[in-house]
Amino acid sequence: MLRIVFTECTWSSIGLVLCLGFGLFWLLKGARLISGAGWLIKNQSEAWEGTSLDLSSSTAIVTGANSGIGYYIALGLARRGSNVILACRSKIRGEAAAREINITLSKFSCKGHAEFWQLDLSSMQSVRSFASRFVQEKGMHLNILVNNAAISDTTSSLTEEGLDVTYATNHLGPFLLTNLLLDPLKASAPSRVVTVTSIVYRWASEPLSTLRRIKDILPKHFSYGKSKLMNVLFTMELARRLHHSGVTSNCVHPGFVHTGILRNTPVIIRMAIHTLGFPFIQSAKRGARAPLFLCLSRSLTFASGLYFGPDLRSSLPTLTALDPHLSRELWRESEKLTGLQNGECLGEAWSKEEEITEFEGKEGSVLEREREVCQNTRIS
Ligand SMILES: NC(=O)c1ccc[n+]([C@@H]2O[C@H](COP(=O)([O-])OP(=O)(O)OC[C@H]3O[C@@H](n4cnc5c(N)ncnc54)[C@H](OP(=O)(O)O)[C@@H]3O)[C@@H](O)[C@H]2O)c1
């Protein structure tokens with residue numbers, strides 16, 4: 001009798017321990033994917049820094065580089081010898097960041113350089129001026145473009161050009177900028193376009209109908225998430241159009257990072273997020289590691305159309321984010337809204353039926369490619 005009771009107790013304890021262990025495992029796995037907190041992910045950066053590219057005499061652009069993650073991406077690229085353009089909307093903040101980076105560079109006797117150029121991504125006019133200045137002053141020399149700048153705004157407003165400010169800043173501005181800089185990127189191949197998105201894109205609904213109503217005052221709820229889904233769709237479509245060009249297009253979720261991105265969110269929500277997320281939140285410096293990895297990793301020189309997490313591993317995006325019809329429609333709509341003319345964009349490539357068919361045939365191999373890249377970039 002005693003033995004039966006003991007056996008039952010033992011089995012239920014083992015079951016309980018297994019359930020707890022399993023639950024904890026999935027909790028940590030989820031937290032690791034979302035946050036990228038240091039204590040969840042060990043020392044990968046040190047492992048890849050040794051094999052990263054030397055960027056001497058290269059040119060890079062980082063948007064929104066005056067603060068947060070963008071500042072440390074710019075610093076990381078400049079420390080490896082790149083001439084980095086800090087594309088920021090505020091002259092005061094942009095110049096201060098460039099000055100600070102240059103002081104750090106001279107302290108460590110690094111070859112790179114940082115300079116501030118004015119760019120307001122919510123204004124298509126400003127994006128055009130920036131791109132034409134770039135071509136005039138730097139010619140066909142652009143190795144890395146990091147689309148980092150974004151806002152998470154909870155108040156609805158339209159820009160002077162009559163576009164919703166969140167979608168204009170987070171998607172249309174980067175879309176136009178990248179297209180206008182494709183000639184220098186192609187001429188400098190192998191070159192890279194890295195777009196900083198967010199894991200919240202997963203919970204966003206189909207964004208196309210929203211983009212079609214971008215000239216209305218749109219409800220703000222989930223607009224950040226939708227704009228981040230647009231970032232992933234844009235990355236995938238760009239990768240397809242740049243197939244064999246030597247220019248890669250990848251995107252990255254940097255983790256849960258302590259920056260000013262939530263500055264326009266109501267205080268209560270901000271406090272709740274920071275309190276609950278406290279054990280997982282990481283510094284902006286650490287948040288820059290995954291985007292920098294995409295800029296610097298040698299094994300990613302020709303890898304394109306991938307989504308990376310803060311653990312430096314690629315993973316398959318959601319089916320919506322991988323939908324080629326949706327990304328093609330989004331591209332067309334974005335062309336219309338930004339006024340991109342034929343000859344300024346990749347219009348030729350996607351109108352070729354055979355290329356579209358070829359891509360659709362390959363859709364099933366995305367996972368395979370993803371595994372391959374994962375193996376090459378796994379950190380021991
Ligand atoms: N922090 C996180 O937990 C987290 C998580 C996932 C993804 N991300 C992504 O990481 C990226 C960087 O964000 P962050 O967290 O570092 O936030 P942040 O510190 O607020 O940086 C955003 C940068 O974008 C700039 N910017 C905003 N609107 C602009 C415009 N119209 N034109 C040009 N620049 C503009 C800001 O400049 P001002 O100083 O002038 O405002 C700022 O430098 C974003 O794409 C964000 O979606 C962040």
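Predicted model: local features only at pLDDT ≥ 70, side-chain atom pairs only at ≥ 80, totals over all residues.
Two strands count as paired if DSSP finds at least two bridges between them. Residues are numbered from 1 along each chain as its sequence is written.

**Stop 1**

Select residues 307-308, strand β7, together with β8 (314-315). Two bridges join β7 to β8, and the two run antiparallel. Tyrosine 307 has serine 315 in β8 as its bridge partner. Helices (H or I, at least four residues) and strands (E, at least two) are DSSP runs, numbered from the N terminus.

**Stop 2: the whole sheet**

Now show the strands together. You get an open sheet of eight strands in the order β3-β2-β1-β4-β5-β6-β7-β8, with mixed pairing. At the edges sit β3 (113-118) and β8, each pairing on one side only. Strands of a sheet pair through backbone hydrogen bonds, either parallel or antiparallel.

**Stop 3: strand β6**

Click on 247-252, which is β6. Six bridges join β5 to β6, running parallel, and two bridges join β6 to β7, also parallel. Zoom in on cysteine 251: threonine 195 stands opposite cysteine 251, and in β7 the bridge partner of cysteine 251 is tyrosine 307.

How many of the six residues of β6 are buried? Six of the six. A residue is called buried if 20 or more other C-beta atoms lie within 10 Å of its own, exposed if 12 or fewer, and partly exposed in between, with C-beta atoms placed from the backbone. Both faces are covered: Val247, Ser249 and Cys251 on one side, Thr248, Asn250 and Val252 on the other.

**Stop 4: helices across the sheet**

Select 289-296, helix α12. This helix lies across β4, β5, β6 and β7, running at about 160° to β5. Angles run from 0 to 180 degrees between N-to-C directions, and axes are lines fitted to C-alpha atoms, for helices over the stretch in contact. Eight of the eight residues of α12 are buried, so this helix is largely enclosed by the rest of the structure. Among them are Arg289, Pro291, Phe293 and Cys295.

Next, pick α3 (residues 68-79). α3 lies across β1 (59-63), β2 (83-88), β3, β4 (144-147) and β5 (191-196), at about 170° to β1.

**Stop 5: around the ligand**

Which helix gives the largest share of the shell around the ligand? That's α3, with three residues. In total, 29 residues surround the ligand, and the closest are Gly64, Gly68, Ala149, Ala150 and Thr259. Being near here asks for a C-beta atom, placed from the backbone, within 6 Å. The shell divides into twelve nonpolar, 14 polar and three charged residues. Ala, Val, Leu, Ile, Met, Phe, Trp, Tyr, Cys and Pro count as nonpolar, Asp, Glu, Lys and Arg as charged, and the others, Gly among them, as polar.

**Stop 6: two crossing helices**

Finally, select α9 (residues 223-241) and α14 (residues 324-338), which pack at about 100° with their axes 9 Å apart. They are therefore roughly perpendicular to each other (65 to 115 degrees; under 35 is roughly parallel, over 145 roughly antiparallel, the rest oblique). Met230, Leu233, Phe234, Met236 and Glu237 in α9 meet Leu326, Ser327, Arg328, Leu330 and Trp331 in α14. Contact requires C-beta atoms, placed from the backbone, within 7 Å.

Note on methods: Contact = placed C-beta atoms within 7 Å.
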